[in-house]
Amino acid sequence: MKKSLSLLLLFLSFSSFGIDETATPVASSSLDLADNDGSFNPRKSHWLINFNFEGLNYHTDYEFQGARKKFEPKDDFLIGARMGFGGELYLGAGFMTSTRVEGYYDAKLFKRDLKADPNVPDVVFSEDKITSQLIGGDIVQSLSFLFDMKTKNPLFDQWSYLTVEPFIEAGLGMGWAYNRRNYRYQTGVVDEVYRKRTTEDLTNLRFGAGIHFTSRSGYFFTMRVTQNNYDVTKKSVKGFQRLTGGSEVDLGNANPSKNLDPIMVYSLGGGVKF
């Protein structure tokens, strides 16, 4: 939350140049900021480009009970980015609707834990490498309401015009998930290995809400939370495990396809309207 507020204050700083410092604060649901000075008019139809950073928890089903290591199915935290392009249509009376196409990439790349013999540093006897990726795209429709504010910028002691735009949205999309874990522990006493790779084809139905803060130049700052409802349409599992003194056990397609629990995605970003 503190980071979000800091970014908003920075956004206000850049959007405040050229504003009359002696003006008085105004809040209005119908103020047209572009009538007099030709600046961006939020109450007209226009195009937009958005870019957001986001984070989410994605379920992985690694399960192993060895002499040196044990792990169970859990959620992995992924971070990534989302970019979109679309248009907004002004409906009148402060209401706006938009249609966007978005693509995203979220990942937990190459988390690796290596252990070497202190007496022979060049010989690695333990390794645990995890890779998780989620790629997809959505078509999103949103409905928002606009109202204007004239607020004081605390950094430069100036007044800044902002259009505040709370919104709700829904979207449909497709995605692809890739999860892999390579673990081994090999010494003279313990020799255990776990290898598993899972790919999933996904469809997505999402619902979300958030808020835009748009400056007079058309740049905007966004905070948003989205619930993604993924369905697994195809799942492929390959791998094996081996315990000390045992034989390899095939893990291929050990877990049938199933739907995932709803996934909450938290994003922070911005863009430009033109």
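1. Overall make-up. The chain of this predicted model contains 1 helix and 13 strands, and when the sequence is read along its length these elements follow the pattern α-β-β-β-β-β-β-β-β-β-β-β-β-β. Of the 274 residues in the chain, 46% count as buried.

2. The largest nonpolar core. In soluble globular proteins, nonpolar side chains tend to be buried together. Here the largest nonpolar core has 12 residues, and these are Leu56, Tyr58, Leu78, Tyr104, Leu134, Ala177, Leu202, Tyr230, Val232, Leu260, Ile263 and Val265. At least two residues of this core come from each of strand E2 (46-60), strand E11 (219-242) and strand E13 (263-273). Another core, of 10 residues, lies apart from it, and its members include Tyr185, Val190, Tyr194 and Leu251.

3. When residues up to four places away in sequence are not counted, Leu202 touches Tyr58, Leu134, Met174, Gly175, Trp176, Ala177, Tyr230, Asp231, Val232, Thr233 and Leu260.

4. The largest pocket. About 150 Å³ of space lies in the largest pocket, which is lined by 10 residues, with His59, Asp75, Leu260, Asp261 and Ile263 lying nearest its centre. Strand E2 gives the most to this lining, with 3 residues, and by class the lining consists of 4 nonpolar, 3 polar and 3 charged residues.

5. The largest cavity. A search of the whole structure finds 4 cavities of 30 Å³ or more, and the largest cavity holds about 100 Å³ of space. Among the 11 residues that line the largest cavity, His59, Thr60, Asp61, Glu200 and Lys235 are the closest to its centre. The elements giving two or more residues to this lining are E2 and strand E10 (191-214), and E2 gives the most, with 3 residues. The lining of the largest cavity divides into 3 nonpolar, 4 polar and 4 charged residues.

6. The second largest cavity. This cavity contains about 60 Å³ of space, and the residues lining it are Leu48, Asn50, Asn52, Arg100, Glu102, His212, Phe220, Thr222 and Arg224. Strands E2, E6 and E11 are the elements that give two or more residues to its lining, which by class has 2 nonpolar, 4 polar and 3 charged residues.

7. Thr97. The side chain of Thr97 makes a polar contact with the side chain of Gln141, at 2.8 Å. Once neighbours within four places in sequence are left aside, Thr97 is in contact with Gly87, Glu88, Leu89, Leu91, Gln141 and Ser142.

Methods. Residues numbered from 1 in each chain as written. Predicted model: local features only at pLDDT ≥ 70, side-chain atom pairs only at ≥ 80, totals over all residues. Heavy atoms only, no water. Core = buried A, V, L, I, M, F, W, Y, C linked by side-chain atoms within 4.5 Å. Buried < 20%, exposed > 50% of the residue type's maximum accessible area, 1.4 Å probe, protein only. Helix = DSSP H or I, 4+ residues; strand = E, 2+ residues; numbered from the N terminus. Contact = heavy atoms within 4.5 Å. 1 Å grid on protein atoms, 1.4 Å probe; cavity = no way out; pocket = protein on both sides within 12 Å on 5 of 7 lines; lining within 4 Å. Points joined across faces, edges and corners; volume = space filled by probe spheres on them. Nonpolar A, V, L, I, M, F, W, Y, C, P; charged D, E, K, R; others polar. Polar contact = N/O pair within 3.5 Å; in protein donor to acceptor, adjacent residues only side chain to side chain.
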